[in-house]
Amino acid sequence: MRDSDVLDKNPHVSRSALEAIHGQVFGWALSRSHYDPVVAEDLMQQAYVELLTGKARFDNKSSLKTFVFSVVQNLARSRYRRIASRLRLVQATGAGMAEDVVQPVEPDDSAALWRAVQELPRRQRDIVELVFCRDMTIEEAARVMGVTTGTGRVHYDRAKKALKMKLTDNGARFDD
Amino acid sequence: MTDSDTALQDELREAQARAERDHVPDFETIWTAATAQAGIVRRRQRLFAGSAAAAAVVAIAFGLLVSPEEEWRYIDADELLETTVWSAPSDSLLPDHQFDIYEDFPVLIESTETYGGPLL
């Protein structure tokens, strides 16, 4: 870590370290934004702003990747909470709303595996993505999701079983 | 991880990579935008802190310069010491009544009789 690289308000974070995990964080932001790349970019930018201003402070207790994933997860949650409350307000007042014309990225919908993952409950989908695609341990994934490790394990086991069952039904073989 | 887990992981990772490929934005672009936004946030925070500090200084200065002419008291010591008579607060529901602590209270304390009705 070069000294000039370190963020003023976050002494344990460097620009180069963030650049190294940029692709993975974007993937996570993409899945948090229902595969809307514009929203994902916005989430990424907000996450970097939080790190630059010190609002999100990394204390080196976990890995930087886990920490940045948590920041993105929290930002996505608060974003959708805001949107939901605005929608409720619009519905209550009966006012119209401009249509969002951004086309979401379709993550290879033809793949049976992807469809199976998308059909999983939200928590199971998240832990599968974090452990299988983002190279996290169950403990790290649970931290990002804001659940205990025990709960993370339960979601992980259920997700694996559900996925194997769905894929076996579709003709794939997953013998232990 | 079992073999089946590994197979599942490989397949899933490939599907995910296919989904994200060509969509990862340039780090430099996002970082530059974030740095600019962080600068705006910091300037706003400094402005807010400066305004709050200025308001506090003005409030303290005002408090020091403008001292109250007379301190307001609930009990007037002179009034208490000059007389032995105390007038109960009264209104239409509570008729005027005056007590003299030397004349009325000894009777009230020593007597076993009722004092002829309510005290006030």
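This is a predicted model: local features need pLDDT of at least 70, side-chain atom pairs count only at pLDDT 80 or more; totals for chains, interfaces and linings use all residues.

Residues are numbered from 1 along each chain as its sequence is written, chains are lettered from A and ligands numbered from 1 in the order written, and side-chain values use heavy atoms, with hydrogens and water left out.

**Salt bridges**

- Side chains of opposite charge can pair when their charged atoms come close.
- Over all chains, the structure has 9 salt bridges (a side-chain nitrogen of Lys or Arg within 4 Å of a carboxyl oxygen of Asp or Glu).
- One of them joins Arg15(A) to Glu19(A), at 3.6 Å from N to O.
- Those two sit about one helical turn from each other, because they are 4 residues apart in helix H1 (residues 15–20) of chain A (helices are DSSP runs of H or I with at least four residues, strands are E runs with at least two, and both are numbered from the N terminus).
- Glu19(A) is partly exposed at 39% relative accessible area (buried is under 20%, exposed over 50%, partly exposed in between, with a 1.4 Å probe and protein chains only).
- A salt-bridge network links Arg15(A), Glu19(A) and Glu28(B).
- Arg153(A) pairs with Glu139(A), their closest N and O atoms being 2.7 Å apart.
- That pair ties together distant parts of the chain, with Arg153(A) in helix H8 (residues 149–169) and Glu139(A) in helix H7 (residues 138–145) of chain A, 14 residues apart.
- Asp59(A) and Lys61(A) make another bridge, at 3.7 Å from N to O; Asp59(A) is partly exposed at 45%, and Lys61(A) is exposed at 72%.

**Positive patch**

- Lys9(A), Arg57(A), Arg43(B) and Arg46(B) form a positive surface patch (residues with over 30% relative accessible area and no salt bridge, like charges being joined within 9 Å).
- Arg43(B), in helix H2 (residues 27–65) of chain B, is exposed with 52% relative accessible area.

**The buried serine**

- Ser14(A) belongs to strand S2 (residues 10–14) of chain A, and counts as buried at 2% relative accessibility.
- Its side chain reaches the backbone nitrogen of Ala17(A) at 3.1 Å.
- Ser14(A) and Leu51(A) are 37 residues apart along the chain, with 10.0 Å between their C-alpha atoms.

Notes:
Patches are made of residues with over 30% relative accessible area and no salt bridge: like charges are joined within 9 Å, nonpolar side chains (Val, Leu, Ile, Met, Phe, Trp, Tyr) within 5 Å. Accessible areas come from the Shrake-Rupley method with a 1.4 Å probe; for residues, only the protein chains shown count as cover. Lys and Arg count as positive and Asp and Glu as negative; His and the chain ends are not counted. The place of a charge is taken as NZ of Lys, CZ of Arg, CG of Asp or CD of Glu. A polar contact is a pair of N or O atoms within 3.5 Å; within protein, one must be able to donate a hydrogen and the other to accept it, and residues adjacent in sequence count only if both atoms are side-chain atoms.
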